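Colleague: I would like to learn how to read a model like this one. Could you take me through it feature by feature?

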Amino acid sequence: MANYSTNEFKGGLKIMLDGEPCNILENEYVKPGKGQAFNRVKIRKLISGKVLEKTFRSGESVEGADVMDTELAYLYTDGEFYHFMNNETFEQIAADEKAVGDAIKWLVENDVCTITLWNGSPITVTPPNFVELEITETDPGLKGDTAGTGGKPATLSTGAVVRVPLFVQTGEVIKVDTRSGEYVSRVQK
Amino acid sequence: MSWQPTTTHQARVDRASLLKTIRTFFEDRQVLEVDTPLLSSATVTDVHLDAFHTQFVHATSGKPQTLWLQTSPEYAMKRLLCAQSGPIYQICKAFRHEGQGRYHNPEFTMLEWYRPGFTHEKLMDEVDALLVATLACEPADKLSYQRAFLTHTDIDPLTASQSELVSALTHHGIDISEPQTLNTDSLLQLIFSLVIEPKIGAERPVMVYGFPASQAALAKVNTHDPRTADRFEVYFKGIELANGFYELQDASEQRKRFEADNLERLSMGLPEKPVDAHLLHALEAGLPDCAGVALGIDRLLMLRAGATAISDVISFPVANA
């Protein structure tokens, strides 16, 4: 993998740090008029998800990370691995629970997810921004209450729990924003 | 890359208006506007300043001559001062062969002025008057470099050892590989930039004076406390805006500093830089007792407009020049 000098740093560049692939979120050039130049970089570690700030001497080089995003459809889980397929090449990839992480509660069969591969292996799974899931359990709400008075918890078919308005009932399908975990609307079946 | 300018029409109008205000400011104070070359046969030796250079193939020697784009008009303006120019100012382009960023473009506009008979303290007051006139801000606070560190860190910058500064980095959450390879001045500058600068000059400009003598550059060493230099910097809203000196007059001391820079360059594997003989000869002839300061016009424009990036005030930054 190529090395990158700090001059090439910008948001989105993937580099290696402490043996872990990282994504540069922000890069700021710091150069006192009479002093040494540094790059102040905000980085997300792609496996642990940790965000940290790191300072580099300007002109320093770091190893690039062979990281790429692919769009794959979720197929099924065998209990240990989660299987995804490229809808064009039909190539399949299996991600372990660690790579799937929090996305586990938003996986819907045939939904296209973004799988981040490091050296060809999945390290993170990002679900679509919106998914549609059936409510498997929620308390019956008070009839006639349509105002958002805080709502009530509802368990979805994947095990995810979201707050829904009181009028939404078990058996209904709802649309959820996976980035915030918030209810968006009911879906007409 | 777009051919279009990165500035709005309003930003260009504001630049023209600012330049007019500055010229009026100095005309009222009987400071003469001067013009010196951007290309020079010599350059600065500063370890952390790098100049662009080019080849002049029409030199009368018949051999190509290396010419350097100025990193500031300081040396040429000092030659004018040595020739009894009296108080002078200049608005010009300066060039630094370094990275670009929110506050940096390798080519930028500089205002530099010199005041015979002024100390750095008196010049700080004049810088303050210029800032009030151009930014309509409150008068600046003054803060010593030592006080700035003692207030915002546990470090005394004039006595701290290299290892104390390295542990201070960790204490302030500055994560850099092999910090022990940075020298005291670089460690101080890093702590100043990342810890202190964000905490000072938020409401009104702050003038920080009394830099360590090891960072004197072209300033006199302070006669009362020789651990410090008569150098100041101006900071406002996270921007380093100006750098001024009570100017070193001693030619042999100046030559020593240039030579020390070049030795440090060699030890770091950096190329030596040609020492400016014209400047040294001028200093030998005699530089009047004076103070001088350089101020970044583009950054001043950013502050006027509340801009977040220098590309908002420069029409064609280096990425689409």
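**Salt bridges, sheet, helix and interfaces**

Modeller: Start with one side chain. B:Lys93 counts as partly exposed, at 34% relative accessibility. Keep in mind that this is a predicted model.

Colleague: Which residue does the side chain of B:Lys93 meet in a salt bridge?

Modeller: The general idea first. Side chains of opposite charge can pair when their charged atoms come close. Here, B:Glu107 and B:Lys93 form a salt bridge, at 2.9 Å from N to O. This pair links distant parts of the chain: B:Glu107 sits in strand S6 of chain B and B:Lys93 in strand S5 of chain B, 14 residues apart. B:Glu107 is also partly exposed, with 35% relative accessibility.

Colleague: How many salt bridges are there over all chains?

Modeller: The rule counts 24 salt bridges over all chains. One of them joins the side chains of B:Asp14 and B:Arg304, at 2.8 Å from N to O. B:Asp14 belongs to helix H1 (residues 9–28) of chain B and B:Arg304 to helix H9 (residues 297–305) of chain B, so this pair ties together parts that are 290 residues apart in sequence.

Colleague: Is B:Asp14 buried or exposed?

Modeller: Buried. The cut-off is under 20% relative accessible area, and B:Asp14 has 18%.

Colleague: What do the side chains of B:Glu33 and B:Arg23 form?

Modeller: They meet in a salt bridge, also at 2.8 Å from N to O. B:Glu33 lies in strand S1 (residues 32–33) of chain B and B:Arg23 in helix H1 of chain B, 10 residues apart. B:Glu33 is partly exposed at 35% relative accessible area. B:Arg23 counts as partly exposed too, at 31%.

Colleague: Now the sheet. In what order do the 5 strands of chain A run?

Modeller: Strands of a sheet pair through backbone hydrogen bonds, either parallel or antiparallel. In chain A, the order is S9-S8-S7-S10-S11, in an open sheet with antiparallel pairing. Strand S9 (92–96) and strand S11 (121–126) of chain A are the edges, each pairing on one side only. From one strand to the next, the twist averages 45°.

Colleague: How many bridges join strand S7 to strand S10 of chain A?

Modeller: There are 7 bridges between S7 (residues 67–77) and S10 (residues 112–118) of chain A. For a landmark, look at A:Val67, which stands opposite A:Trp118 in S10(A).

Colleague: How covered is helix H2 of chain B?

Modeller: Mostly covered. In H2 (residues 74–82) of chain B, 7 of the 9 residues are buried. Among them are B:Tyr75, B:Met77 and B:Leu81. Strand S5 (88–95), strand S6 (107–116) and helix H7 (251–267) of chain B are among the elements that cover the buried residues. After H2(B) comes B:Gln84, with a positive phi near 65°.

Colleague: What about domains? Which domains does the assignment give for chain A?

Modeller: The assignment gives domain 1 (3–63), domain 2 (67–126) and domain 3 (130–187). The C-alpha centres of domain 2 and domain 3 of chain A are 26 Å apart. Their contact takes 5 residues from domain 2 of chain A and 10 residues from domain 3 of chain A.

Colleague: How much area do domain 2 and domain 3 of chain A bury between them?

Modeller: The size of an interface is often given as the accessible area lost when the parts come together. For domain 2 and domain 3 of chain A this is about 540 Å², with 75% of it on carbon and sulfur atoms. On the domain 2 side, A:Lys105, A:Trp106 and A:Val108 lose the most area, together 85% of what that side buries.

Colleague: How many salt bridges does the rule find across the interface of chain B and chain A?

Modeller: It finds 3 salt bridges there. A:Lys31 forms a salt bridge with B:Glu98, and their closest N and O atoms are 3.9 Å apart. The rule's cut-off is within 4 Å.

How values were computed. Residues numbered from 1 in each chain as written. Chains lettered and ligands numbered in written order. Predicted model: local features only at pLDDT ≥ 70, side-chain atom pairs only at ≥ 80, totals over all residues. Heavy atoms only, no water. Pairing = 2+ DSSP bridges. Helix = DSSP H or I, 4+ residues; strand = E, 2+ residues; numbered from the N terminus. Axes fitted to C-alpha atoms, helices over the stretch in contact; angles between N-to-C directions. Buried < 20%, exposed > 50% of the residue type's maximum accessible area, 1.4 Å probe, protein only. Contact = heavy atoms within 4.5 Å. Domains from an automatic or database assignment. Buried area = accessible area lost by both parts, 1.4 Å probe.
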